[in-house]
Amino acid sequence: MLSAAGPSSAQQVEFSNDIASDPFADYFNFTQDPTIPPKVLITTSAKASKGTYEFCDELVGVFPGAEFIRRKKGKGFEMGRIAGWAAGRGYKHLLVVNEDMKKPNAITLVYLPNGPMAYFKLTSIELTKQIYGHARATPHNPELVLNNFSTTLGHGVGRMFQTLFPPLPEFQGRQVVALHNQRDFLFFRRHRYAFRSPEKVALQEIGPRFTLKLRWLKRGLPAVQNFGASPDVLEISVGTEELPEPPEEVPMPEQDEGSEMKPPEPLPVSNPPKDNEYIWRWKPELETTRKTFFL
């Protein structure tokens, strides 16, 4: 926790060390074009409802480099496998919207290709169409305002959100995304500002609006239990064992006569781990007083 006077010298040194060793250092080194937005893959939990898809459509409009892909059902589409697939195709983030009772209730944000990942409870959702007199969004890269992220944990979470947007905004779009931390609740708002006169400026909300609450922060990619392991052998009562089925042969693509087959270019492989380590996890016993905050 920090006092109202701001971080102390020891905390400033700790912040500097975290910045030098944090996993988001590549983003802040500005080795790539700062106007190109990071690629963000947005998907849902299995068997999502219409309300969750509508909220995902709103998120695609918020993050400039976002793309929505509908998640398929069945085995093989675990979040860890999806994260490894996305990392091998140049995505920098995986954002999964979870739901409960056919309503979005949580967001899992994974930084690619090596993590970390954060889990947030999601409440107080209002879509753009539900905001009276809302402004229209433009495709310009917005500005980002992070307010009141003052602890070491909050500093890391703020930097994680910062990597969702390109480093250099397009000011001619006059759009600003704000993430305000108040009592560890993160209030998300998006506005457009208009200059009424040289001395006055007005804000018009674009939407959507929602509130996040951090529940845990983990290292690495989402874990997949028994990843790469052979299926268990079926036990027969007479003592014999049934052999696993051989893998299916993948048909080769048809080739035109006279053309030479070229081997496909290898993609970087990012396998999900079998277990994850908590960096931070919320527990009821951590809140000893009503003035104890973590971000």
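The model is predicted. Its largest pocket holds about 950 Å³ of space, and its largest nonpolar core has 38 residues. N141 and A106 are both buried and are described one by one.

**Largest pocket**

- The lining of the largest pocket consists of 40 residues. D22, P23, F24, Y111 and T163 are the ones nearest the pocket centre.
- Three elements each supply two or more residues to this lining: α1 (9-21), α2 (25-28) and α5 (152-162).
- The biggest contribution to the lining comes from α5, which gives seven residues.
- Sorted by class, the lining of the largest pocket has 20 nonpolar residues, 12 polar ones and eight charged ones.

**Nonpolar cores**

- In soluble globular proteins, nonpolar side chains tend to be buried together.
- Within the largest nonpolar core, the residues that touch the most other members are F63, V157, F161 and L186.
- Beyond four places in sequence, L186 touches F120, F149, V157, F161, L179, H180, N181, F210, T211, L212 and L295.
- Another core, of 15 residues, lies apart from the largest one, and its members include A86, A87, V110 and M117.

**N141, in a loop**

- N141 sits in the loop that runs between β5 (117-126) and β6 (143-147).
- With a relative accessible area of 6%, N141 falls under the 20% cut-off and therefore counts as buried.
- A polar atom of the N141 side chain is 3.2 Å from the backbone oxygen of T35.
- Neighbours within four places in sequence aside, the residues in contact with N141 are T35, P64, P166, L168, P169 and E170.

**A106, in a strand**

- A106 belongs to strand β4, which spans residues 103-111.
- The relative accessibility of A106 is 0%, so this residue counts as buried.
- Residues up to four places away in sequence aside, A106 touches V96, V97, N98, Y119, F120, K121 and L122. F120 is also among the residues that L186 touches.
- A106 and R215 are separated by 109 residues in sequence, while their C-alpha atoms are 9.8 Å apart in space.

Conventions. Residues are numbered from 1 along each chain as its sequence is written. This is a predicted model: local features need pLDDT of at least 70, side-chain atom pairs count only at pLDDT 80 or more; totals for chains, interfaces and linings use all residues. Side-chain values use heavy atoms; hydrogens and water are left out. On a 1 Å grid over the protein atoms alone, a cavity is a set of points where a 1.4 Å probe fits but cannot get out, and a pocket is an open set with protein on both sides within 12 Å along at least five of seven lines; lining residues have an atom within 4 Å of a point. Grid points are joined across faces, edges and corners, and a volume is the space filled by probe spheres set on the points. Helices (H or I, at least four residues) and strands (E, at least two) are DSSP runs, numbered from the N terminus. Ala, Val, Leu, Ile, Met, Phe, Trp, Tyr, Cys and Pro count as nonpolar, Asp, Glu, Lys and Arg as charged, and the others, Gly among them, as polar. A nonpolar core is a set of buried Ala, Val, Leu, Ile, Met, Phe, Trp, Tyr and Cys residues joined through side-chain atoms within 4.5 Å. Buried means under 20% relative accessible area, exposed over 50%, partly exposed in between (1.4 Å probe, protein chains only). Contact means heavy atoms within 4.5 Å. A polar contact is a pair of N or O atoms within 3.5 Å; within protein, one must be able to donate a hydrogen and the other to accept it, and residues adjacent in sequence count only if both atoms are side-chain atoms.
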